Amino acid sequence: MENRINLDLMGFIEQNILPKYAEFDRAHNIQHVMGVIHRSLAIATKIGADINMVYAIAAYHDLGLSGPRAIHHVTGGKILAQDVRLRKWFSPNQIQIMREAVEDHRASASHAPRNLYGKIVAEADRDLELDSVFRRTVQYGIANYPNMNRQQQWERFREHMRNKYADNGYIKLWIQGSPNESKLKEIRNIISDAAKLQASFNKIYEEECAKG
């Protein structure tokens, strides 16, 4: 199995796919997709998955944000499957697997990813670095709810943290032994301490507002 990304594929994605992330909010920009690519490739290398498939899936995974966010995972799968340019590097069966992986990457999905590649990108999409998790949530709130005041943004932030990342939250990890396990524990420790959570929010909120 290939352990290096096809340079022709890499050039195509860097020129035609990654620039599209400049159109999305700060929580889903080029830094986000590059992080997902990096983490996906690290997992793929460790467990022996197809590097080229993983690279393309990670690159396409959030393109569905060009439409309604609620169905961006489904839209993203369609975008990948309908991009005839990918047929240069992948078989119809590989493209179907890749489509399912994009469709299944969402953290709030009601079912486990249908294939290994879905588990890889879903795990990689969960960037659980503490500052990154908190900052993306604040950024999303500011970008999508500009009429909310500081208190309302805090309440939204706190509710999202509890719903997604707390002990009973909906986030799931799919790769056993992943570094995300210890990172999620750290996040949960902060969520359980209301004062620490609000202090984290206040710091990041002020920094993001200062950016304009």
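Mentor: Begin with a cut-off: buried means under 20% relative accessible area, exposed means over 50%, and partly exposed is in between. Keep in mind that this is a predicted model.

Trainee: Why is R135 called buried?

Mentor: The relative accessibility of R135 is 16%. The limit for buried is under 20%, so R135 counts as buried.

Trainee: What makes R135 and E207 a salt bridge?

Mentor: The N to O distance between their side chains is 2.7 Å. A salt bridge needs a side-chain nitrogen of Lys or Arg within 4 Å of a carboxyl oxygen of Asp or Glu, so R135 and E207 qualify. R135 lies in helix 7 (residues 130-144) and E207 in helix 10 (residues 194-211), so the pair ties together parts that are 72 residues apart in sequence.

Trainee: Is E207 called buried, partly exposed or exposed, and why?

Mentor: E207 has 28% relative accessibility. That value falls between the 20% and 50% limits, so E207 counts as partly exposed.

Trainee: What is E208 in contact with, leaving aside its neighbours within four places in sequence?

Mentor: With that exclusion, E208 is in contact with R26, R135, V138, Q139 and I142.

Trainee: Which residues are linked with E208 in a network of salt bridges?

Mentor: The network links D131, R135, K203, E207, E208 and K211. The structure holds 15 salt bridges.

Trainee: What makes R85 and D83 one of them?

Mentor: Their closest N and O atoms are 2.8 Å apart, and the limit is 4 Å. R85, at 40% relative accessibility, counts as partly exposed, while D83, at 10%, counts as buried.

Trainee: Let us turn to rings. How many aromatic pairs are there, and why is the pair of F12 and W89 called tilted?

Mentor: There are eight aromatic pairs. In the case of F12 and W89, the ring centres are 5.3 Å apart and the planes are at 35°. Rings pair if their centres lie within 6.5 Å; planes under 30 degrees apart count as stacked and over 60 as edge-to-face.

Trainee: Which residues form one aromatic cluster?

Mentor: F134, W154, F157, F201 and Y205 do.

Trainee: What lines the largest pocket?

Mentor: The lining has 23 residues, and H28, R69, H160, K164 and Y170 lie nearest the centre of the pocket. Helix 7 and helix 8 (150-165) are the elements that give two or more residues to this lining. By kind, the lining residues divide into eight nonpolar, seven polar and eight charged. The volume of the largest pocket is about 500 Å³.

Definitions and conventions:
Residues numbered from 1 in each chain as written. Predicted model: local features only at pLDDT ≥ 70, side-chain atom pairs only at ≥ 80, totals over all residues. Heavy atoms only, no water. Buried < 20%, exposed > 50% of the residue type's maximum accessible area, 1.4 Å probe, protein only. Helix = DSSP H or I, 4+ residues; strand = E, 2+ residues; numbered from the N terminus. 1 Å grid on protein atoms, 1.4 Å probe; cavity = no way out; pocket = protein on both sides within 12 Å on 5 of 7 lines; lining within 4 Å. Points joined across faces, edges and corners; volume = space filled by probe spheres on them. Nonpolar A, V, L, I, M, F, W, Y, C, P; charged D, E, K, R; others polar. Contact = heavy atoms within 4.5 Å. Phe/Tyr/Trp six-rings, centres within 6.5 Å; stacked < 30°, edge-to-face > 60°.
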